[in-house]
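Subject: Structure handover

Hello,

Here is the structure I said I would pass on. My notes follow below it.

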Amino acid sequence: MLGLRRISAKILGLVEGKPMVRRSSHRRCAGGAQGSPFCGPAKLPEPITIERIERALVYAAYVVVRYGPQFAPIVERLEHELEAAKKSEDAVAHARQILAVLGDKYPKEAGR
């Protein structure tokens with residue numbers, strides 16, 4: 001049976017773009033730690049997108065069906081995050097529409 005922490009880490013890794021890598025406490029980087037606990041150069045996380053949340057939601061739903069309802073809170077959280085991401089995207093699209101319609105009337109306020 002898979003543990004809740006391991007499944008949660010896998011799903012959040014799908015959303016945040018972090019691969020699930022096992023740490024090895026007995027290995028050391030040559031020359032000391034080089035920016036991350038995984039001995040590699042530090043890299044910026046990928047942006048969280050609607051597509052990534054949807055992919056993680058599908059994986060989480062599979063986990064609930066396969067391993068049981070104790071993983072259902074992860075599905076609920078991802079559903080809420082998906083709704084919030086869609087609302088945010090809609091707000092940006094709405095703001096662009098306002099600028100397209102009224103931007104010429106108030107160019108200074110529109111940053112033109």
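Is Ile-98 buried, partly exposed or exposed? Ile-98 counts as partly exposed, because its relative accessibility is 42%. Here buried means under 20% relative accessible area, exposed means over 50%, and partly exposed is in between, with a 1.4 Å probe and protein chains only.

Before the rest, some background. This is a predicted model, in which local features need pLDDT of at least 70 and side-chain atom pairs count only at pLDDT 80 or more, while totals for chains, interfaces and linings use all residues. Residues are numbered from 1 along each chain as its sequence is written, and side-chain values use heavy atoms, with hydrogens and water left out.

Overall layout

The chain has three helices and zero strands, and its elements run α-α-α from the N terminus on. Helices (H or I, at least four residues) and strands (E, at least two) are DSSP runs, numbered from the N terminus. Of the 112 residues of the chain, 21% count as buried.

Surface patches

Ile-98 sits in helix H3. Together with Val-101, Leu-102 and Tyr-106, Ile-98 forms a nonpolar patch on the surface, and the four have about 390 Å² of accessible area together. Accessible areas come from the Shrake-Rupley method with a 1.4 Å probe, and for residues only the protein chains shown count as cover. A patch is made of residues with over 30% relative accessible area and no salt bridge; like charges are joined within 9 Å, and nonpolar side chains (Val, Leu, Ile, Met, Phe, Trp, Tyr) within 5 Å.

There is also a patch of negative charge on the surface, made by Glu-51, Glu-54, Glu-89 and Asp-90. Helix H2 (50–67) and helix H3 (72–102) are the elements that give two or more residues to the negative patch. Asp and Glu count as negative, Lys and Arg as positive, and His and the chain ends are not counted. The place of a charge is taken as NZ of Lys, CZ of Arg, CG of Asp or CD of Glu. Asp-90 is in helix H3 and is exposed, because its relative accessible area is 52%.

Salt bridge

Side chains of opposite charge can pair when their charged atoms come close. A search of the whole structure finds one salt bridge (a side-chain nitrogen of Lys or Arg within 4 Å of a carboxyl oxygen of Asp or Glu). The partners are Glu-81 and Arg-77, with their closest N and O atoms 3.0 Å apart. Both are in helix H3, four residues apart, so about one helical turn separates them. Glu-81 is partly exposed at 28% relative accessible area, and Arg-77 is partly exposed at 42%.

Aromatic pair

The structure holds one aromatic pair. The ring centres of Tyr-59 and Tyr-62 are 6.5 Å apart and their planes are at 40°, so the pair is tilted. Rings of Phe, Tyr and Trp (its six-membered ring) pair if their centres lie within 6.5 Å; planes under 30 degrees apart count as stacked, over 60 as edge-to-face and the rest as tilted. Tyr-59 and Tyr-62 are three residues apart in helix H2, so they are separated by about one helical turn. Tyr-59 is partly exposed at 26% relative accessible area, and Tyr-62 is partly exposed at 46%.

Regards
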